[in-house]
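Hello,

Here is the structure I promised to pass on to you. Have a look at it first, and then read on for what turned up.

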Amino acid sequence: MQAIRLYWNNYRDKHPKLAEFLMFLILSNGITVFQMVLMPVLKAMFSGSRMEAYTFQLFPLGHNFDGSVYYIFNYPAGSIASGGGGGLAYFIAVQLTLGIAQVINFFAQRNITFRSKGNIYKAAFWYVVAYILITICAGALQGWYKEPIYSFFIDRFGRSGETTADLITMIINAAISFWVYFPILKIIFKEKKNKISIG
């Protein structure tokens, strides 16, 4: 383990930008795996609850090809397996998963990837702003791929297909977040980097 730390610290000294990107990649993938474990747990906790019977649709943005309203956040009432959108229950499960993951990601990226010693409150404020904007943009994009993915897998594999669709949409969302967050975090955490080596 000591040899790995020594190698990494030497590599980071020689290639600081690439090492920063690689560490961001490793931590982001770790957070994605964490979300893939947490999401089914939270979804199961809220599944079948009264919240599933409440439609949650927010921010109408034009119309779908069939003429229905296109919502940035679109969670119609009823379980996904029965043709619904999971309702408020699914929305809360998704947002709790993302929120918990982003709190962990904030501290991990700040302390490990960017080794920032800047003002944590200022960084946290801009991180929350970025998180809200990215969540809204990702929600808007989800309208293009979410329904076809769920329809395809549920029609063919039933309940296990729903879980597969959950994982695929999470991976797509994580990929979008990855490429948007990296340049934003470089700005947020640019102040007063800690020069101490890891380990």
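A helix here is a DSSP run of H or I at least four residues long, and a strand is a run of E of at least two. Please keep in mind that this is a predicted model.

Let me begin with the annotation. An unreviewed UniProt entry gives "transmembrane region" for residues 21-42, 88-108, 120-145 and 165-189. In the model, residues 88-108 are 100% helix and 0% strand, with 30 Å between the end C-alpha atoms. Residues 21-42 are also 100% helix and 0% strand, and their end C-alpha atoms are 31 Å apart.

Next, helix H2, which covers residues 16-46. Its 31 residues should span 45 Å at 1.5 Å a residue, so the 44 Å between its end C-alpha atoms agrees with that. After H2 comes Gly48, with a positive phi near 85°.

There is a hairpin too. Strand S1 (residues 56-63) pairs with strand S2 (residues 69-75) in the antiparallel sense, over five bridges. Leu58 stands opposite Phe73 in S2. Five residues lie between the two strands, and Gly67 has a positive phi near 95°.

Finally, how do H4 and H5 meet? The axes of H4 (residues 120-157) and H5 (residues 159-188) come within 8 Å and cross at roughly 155°. Angles over 145 degrees count as roughly antiparallel, and H4 and H5 are therefore roughly antiparallel to each other. Their contact has 23 nonpolar, six polar and four charged residues. The crossing of H4 with H5 is right-handed.

Enjoy exploring it!

Best wishes

Conventions. Residues numbered from 1 in each chain as written. Predicted model: local features only at pLDDT ≥ 70, side-chain atom pairs only at ≥ 80, totals over all residues. Heavy atoms only, no water. UniProt positions renumbered as here; feature names shortened; annotations may be inferred. Pairing = 2+ DSSP bridges. Expected span 1.5 Å × (residues − 1). Axes fitted to C-alpha atoms, helices over the stretch in contact; angles between N-to-C directions. Parallel < 35°, antiparallel > 145°, perpendicular 65-115°, else oblique. Left-handed = near helix turned anticlockwise from the far one by under 90°. Nonpolar A, V, L, I, M, F, W, Y, C, P; charged D, E, K, R; others polar.
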